[in-house]
Amino acid sequence: MGEIEDGEADHITTDVQGQKCALVCECTAPESVSRKDNLPFLNAVLKNPVCKLYRFPTSDNKWMRIREQMSESILSFHIPKELISLQIKEDLCRNQELKELGELSPHWDNLRKNVLTHCDQMVNMYQDILTELSKETGSSFKSSSSKGEKTLEFVPINLHLQRMHVHSPHLKDALYDVITVGAPAAHFQGFKNGGLRKLLHRFETERRNTGYQFIYYSPENTAKAKEVLSNISQLQPLIATHADLLLNSASQHSPESLKNSLKMLSEKTELFVHAFKDQLVRSALLALYTARPGGVLKKPPSPKNSTEESSSQDPPPPMRRQDSIPHHSDYDEEEWDRVWAHVGKSLNCIIAMVDRLIERDGSGEGDDGSGKDGEKGPSLGDSAITHPQEDWYEQLYPLILTLKDCMGEVVNRAKQSLTFVLLQELAYSLPQCLMLTLRRDVVFSQALAGLVCGFIIKLHTSLYDPGFLEQLHTVGLIVQYEGLLSTYSEEIGMLEDMAVGISDLKKVAFKITEATSNDVLPVITGRREHYVVEVKLPGRMFESLPLQIKEGQLLHVYPVLFNVGINEQQTLAERFGDVSLQESINQENFELLKEYYTVFMEKMPPDYISHFQEQNDLKGLLENLHQNIQAKKRKNVEIMWLAATICRKLNGIRFTCCKSAKDRTSMSVTLEQCSILRDEHQLHKDFFIRALDCMRRRHGFEPCSGRIPHAAEQLGP
């Protein structure tokens, strides 16, 4: 809807009973931007605002003033570039881990070589796309005419903010925001074989039924393998850092500092140990062993409760350096349990030693060398305990070294085994697997750019609303997408892409930090299974936030999509085709919306809920929405109105999407704006149609001409 096809008049009026419903003027520096919104924070998101000013009569013949503003967002290009850079880094790391798997039997080694060849080609493609995106210096949004360009496929189509600012004679001023964007979809790759929803289902079904040459791991197990690998890469350096801080506290002979350092080390090490409790690691070790040349099991697998073993404080035996996974017939499957448990035992030895040191420091008496609860400490620490005059550093250093050695052994084994799990996913049906990954990355990038834009704008407009901020860190935000795609021809594939892309936004969390420079553009970290978007606020704005948010609590979003096709193609689909995709999507997302409402009512404070229920009949709206979804009525636009109303009442972020965010999106947004003026701001009932005509002319429509698509009649009042 950001593309004005035939230009706009500077002054448009509609005569009504001797009065005028007037479009006052057009401006490129609207008041809200020049006065209130002109902050580095918001300027990092919005660009090239265009404003229209209207005045309309109210039901008591007074006048309301409306400022309608449309702005581009430079995040259209910034977010895809951030995301592609992360994905290149992730893929390079995975390729290196595949190379470091060690010696494999000829069958698996050939598969690995084939996978690496295709993965290297994919990385080169991503690097080329990033290079081309970095050259873009023109428009800050991608027009619909460019949706088929390869170098721009990660960029959302027509991403804009559509804002209506109402000055009412009776009510206080109000802002209504809608993010408009083309449906996230892989237009360059096309929709001949459908979209992501169908393609992923087909791919998974075929992979599950293919037993030859590959080991099948479910999508959940593959995701778990990636999660554990990510946790390893994050926790291992953290534990090493905290271990060094513990030694530093010991060298300073500071009991309080020693306790604090030990607490942090214990917390991170427990998280590290917990990451390997999953049966997946053990089964992956076994699978990798059998893929080694001459790998033969010494004994059949025997399930073991490793939690009980790890709780013991027996010291670990001296570490014996070897290859990550044994290559020969002396492999003992239960050895993993012992190696994994050594980390917990090493930590227990450190805790016992710190307790002794602090106790001896307080009592001034020596220690007889016995461990806590009568258990013997590790052999590396025996000599230190019998010499109480030695400093704390010397007594803790051997135990810290043992902990790091045990961790290194666990990491080496786990990394290789879980990388072998990922090899199975990649090896099947190359290059189809990588093309699906590319398609999903493209769609997700488009969806994420819009989400980050919407989140920042919502945060800015509600920054001083205590109820919103409490909801933000207590429950999270609902993000509602209104889809206007048909379930006919290519738009079926677009809707399938869009449904997966929006669902994938559940993997995104936000963190708000204080900006330390003038650069307040958001920064993305993480991996494909979990991204964190860091939003930077200027110091004065950051200080107004609740403590939980300032301390770095992750803020979650809950995306939902409701789609109602409204054009001529949808008429054909309903008469001669299939609308089950739309029905399934709406039903699934209603359940997600209902879950969010339940959590909202449970977690928000009672006084807030009491006031909230007085102002909003959300339960009734949800029931009405459910009834309309179940009714399966043709072109039931009531679903869109109800979902949008619920989203606004829940302080959510609103999106409206069609194929290119132009005609259908414009018709929907203008009707929504006029409906809000009528229902919330007492727009005179006789002026509804005239106000609608006024706004639609601003978007390039002539209500009495053939330029309005026949489909748009469904978006009439």
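User: Is Tyr596 buried or exposed?
Analyst: Tyr596 is buried, at a relative accessible area of 3%; buried means under 20%, exposed over 50% and partly exposed in between, with a 1.4 Å probe and protein chains only. This is a predicted model, in which local features need pLDDT of at least 70, side-chain atom pairs count only at pLDDT 80 or more, and totals for chains, interfaces and linings use all residues. Residues are numbered from 1 along each chain as its sequence is written, and side-chain values use heavy atoms, with hydrogens and water left out.

User: How many aromatic pairs are there?
Analyst: The count is 10 aromatic pairs. Rings of Phe, Tyr and Trp (its six-membered ring) pair if their centres lie within 6.5 Å; planes under 30 degrees apart are stacked, over 60 edge-to-face, and the rest tilted.

User: Why is the pair of Tyr54 and Phe56 stacked?
Analyst: Their ring centres are 5.6 Å apart and their planes lie at 20°, so the pair is stacked. Tyr54 is buried at 1% relative accessibility, and Phe56 is buried at 0%.

User: What about the rings of Tyr558 and Tyr596?
Analyst: Their centres are 5.4 Å apart with planes at 50°, so this pair is tilted. Tyr558 is partly exposed, at 35%.

User: Which aromatic cluster includes Tyr558?
Analyst: Tyr558, Tyr596, Phe600 and Tyr608 form one aromatic cluster.

User: Changing topic, where does the charged end of Arg55 sit?
Analyst: The charged end of Arg55 sits over the ring of Trp63, 4.3 Å from its centre. The rule requires NZ of Lys or CZ of Arg within 6 Å of the ring centre and within 35 degrees of the ring normal.
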